[in-house]
Amino acid sequence: QAVTVEVLDHLERLALVDFRDSEGVERLQKAIQFADQLHEVNTDGVEPMDSVLEDRCLYLRGDDVTEGNCTKELMKNAREKVEEYFVAPPGNIPLPKLEE
Amino acid sequence: AKACGGVWRRAWQRGVGGPVSGARQAFASNARGGAGSAARCGLVPWVPVVGLEVHAQISSNSKLFSGSQVHFAAPPNSLVSFFDASLPGTLPVLNRRCVEAAVMTGLALNCRVNKKSLFDRKHYFYADLPAGYQITQQRVPIAVNGSLSYSVCVDNKMSQMVTKTVKIKQIQLEQDSGKSLHDDTRSQTLVDLNRAGVGLMEVVMEPDMCCGEEAAAAVRELQLILQTLGSSQAVMAEGQLRVDANVSVHYPGEPYGVRTEVKNINSLRFLAKAIDYEIQRQIKELENGGTILNETRTFDSKLGCTIPMRDKEGKQDYRFMPEPNLPPLILYDAKSLPANMNHQQVVNIDSIRERLPDLPSVKRAKLVEQYGILPEHSFTLLNEDGLTEFFENVVNQTQMKPKKVIGWILNDLLSYLKQHSLTVKESPVSSFLLADLLSLLEKNQISSTAAKKV
């Protein structure tokens with residue numbers, strides 16, 4: 001299966017990485033082929049495992065207020081702040097349309 | 001579809017015209033797809049389809065995965081822990097109270113509670129989501145396949161109420177995001193993370209509704225249920241209950257049309273308005289030969305219309321993945337209760353079920369049975385905060401029969417309160433005084449006109 005322009009477009013937007021030259025596309029193609037080897041294993045009737053922790057117990061915390069009230073410390077990380085609010089760029093700037 | 005039939009029949013009749021009785025019959029039989037005998041009549045009965053996603057803030061002291069406080073108005077970024085700010089090295093720790101709230105809600109909505117549910121990450125970029133992902137339950141949520149029954153009035157007459165049911169697809173636990181304040185003049189966004197990480201129950205309703213009125217009625221009933229359970233205070237004005245509507249229209253017999261998502265609706269009244277506007281907009285667009293875009297729109301309450309949201313262009317790829325820091329959430333019941341586990345770590349579905357309070361529908365039935373009032377009266381009593389209690393107090397302290405008392409409460413007292421925008425708690429006439437007054441009336445010591453003046 002060839003990698004289509006739509007898929008490349010989509011990947012570049014997500015990763016914010018430009019790999020449009022043919023070397024990049026070929027490398028991507030090879031990487032997909034390599035990963036496709038996974039399909040050779042028969043997994044019929046086997047439940048997928050997300051994590052080796054799946055048999056661990058999920059700890060439940062009591063509903064008490066134990067944290068917070070550290071505005072000053074958190075604000076030390078802010079490059080810019082306005083009256084204890086973090087400052088961020090306006091909304092989501094849409095990416096310019098990519099040409100072929 | 002019966003309640004909606006009237007509304008949409010009137011809507012297209014204005015443009016098309018045609019025999020009234022024929023239209024009603026045609027619409028009723030074609031409401032959910034099927035052969036278009038309406039088409040043969042030359043009429044166009046568009047079928048609107050409405051589904052809702054309701055986010056209810058869980059009523060708890062601390063957040064879903066951290067110990068910072070849940071509180072409405074507080075200085076910006078004062079109720080934020082290192083985890084909420086997504087500082088490296090922090091991990092989520094699940095709040096037991098949030099799990100119980102979700103189980104209660106699932107049981108009240110007749111859901112199957114999943115004894116094993118999983119957490120996932122939903123990725124997207126936005127300033128109020130510091131981690132770049134939201135922890136939610138996309139694959140296996142905590143409760144599925146429930147139902148919610150609600151009532152709508154037929155033709156705006158309270159005396160003819162029809163019971164409808166909407167299916168609940170699922171209920172999932174997820175994190176709330178922070179709040180963004182857009183400052184367009186200085187081209188920046190101010191972010192307050194106090195709300196980031198607060199526990200939410202997302203209730204997904206199947207697209208079983210067909211107009212704004214049904215949607216508003218369903219949400220109102222859900223609101224009453226949540227408030228009765230105490231799992232959420234569900235006050236829309238304070239953002240504790242947020243509703244997104246998915247709206248589409250299609251021609252009977254054809255597949256569902258393209259749907260749009262309408263967000264930013266902050267009251268029940270606007271919910272009904274926004275949905276009805278969007279249905280009309282889609283019908284007009286399609287009848288003019290246009291197409292509907294699968295987009296997200298916001299409701300402008302001042303203009304009374306929906307407009308496209310600039311930030312949500314194109315379909316988002318959320319790259320769902322299992323949350324690696326949280327093992328599966330296991331719930332127990334009486335049969336599967338583990339013998340030697342610390343009971344702080346055990347959530348027992350059966351014991352939660354036993355402790356469920358009377359749901360609104362049960363309370364209404366009891367009121368009707370106990371006091372002999374009409375069903376629609378019981379609806380009004382439960383709809384106004386504190387009115388049921390007031391009514392019962394009056395009945396207990398007066399000689400007048402409940403069936404007569406209800407008339408005074410609903411017609412005289414309530415209309416007065418509404419006229420002066422007062423809540424029941426702010427009523428200038430206490431239940432004791434009213435009881436006294438009505439007793440005097442019963443004994444014919446005063447006339448009813450005099451009583452009304454008071």
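Which residue lies over the face of B:Tyr318? It is B:Lys122, at 4.4 Å from the ring centre; a charge sits over a ring if NZ of Lys or CZ of Arg is within 6 Å of the ring centre and within 35 degrees of the ring normal. The model here is predicted, so local features need pLDDT of at least 70 and side-chain atom pairs pLDDT 80 or more, while totals for chains, interfaces and linings use all residues. Residues are numbered from 1 along each chain as its sequence is written, chains are lettered from A and ligands numbered from 1 in the order in which they are written, and side-chain values use heavy atoms, leaving out hydrogens and water.

B:Tyr318 also belongs to one aromatic cluster with B:Tyr124 and B:Phe320. Another charge turns up at B:Phe379, where the charged end of B:Arg364 sits over the ring, 4.0 Å from its centre.

Over all chains, the structure holds six aromatic pairs (rings of Phe, Tyr and Trp, the last by its six-membered ring, with centres within 6.5 Å; planes under 30 degrees apart are stacked, over 60 edge-to-face, the rest tilted). One of them joins B:Trp46 and B:Tyr251 edge-to-face, 6.1 Å centre to centre and with 90 degrees between the planes. These two sit 205 residues apart, B:Trp46 in the loop between α3 and β1 of chain B and B:Tyr251 in the loop between β12 and β13 (helices are DSSP runs of H or I with at least four residues, strands runs of E with at least two, numbered from the N terminus). B:Trp46 counts as buried because its relative accessibility is 12%, whereas B:Tyr251, at 25%, is partly exposed (buried is under 20% relative accessible area, exposed over 50%, partly exposed in between, with a 1.4 Å probe and protein chains only).

B:Tyr371 and B:Phe391 make another edge-to-face pair, at 5.2 Å and 80 degrees.
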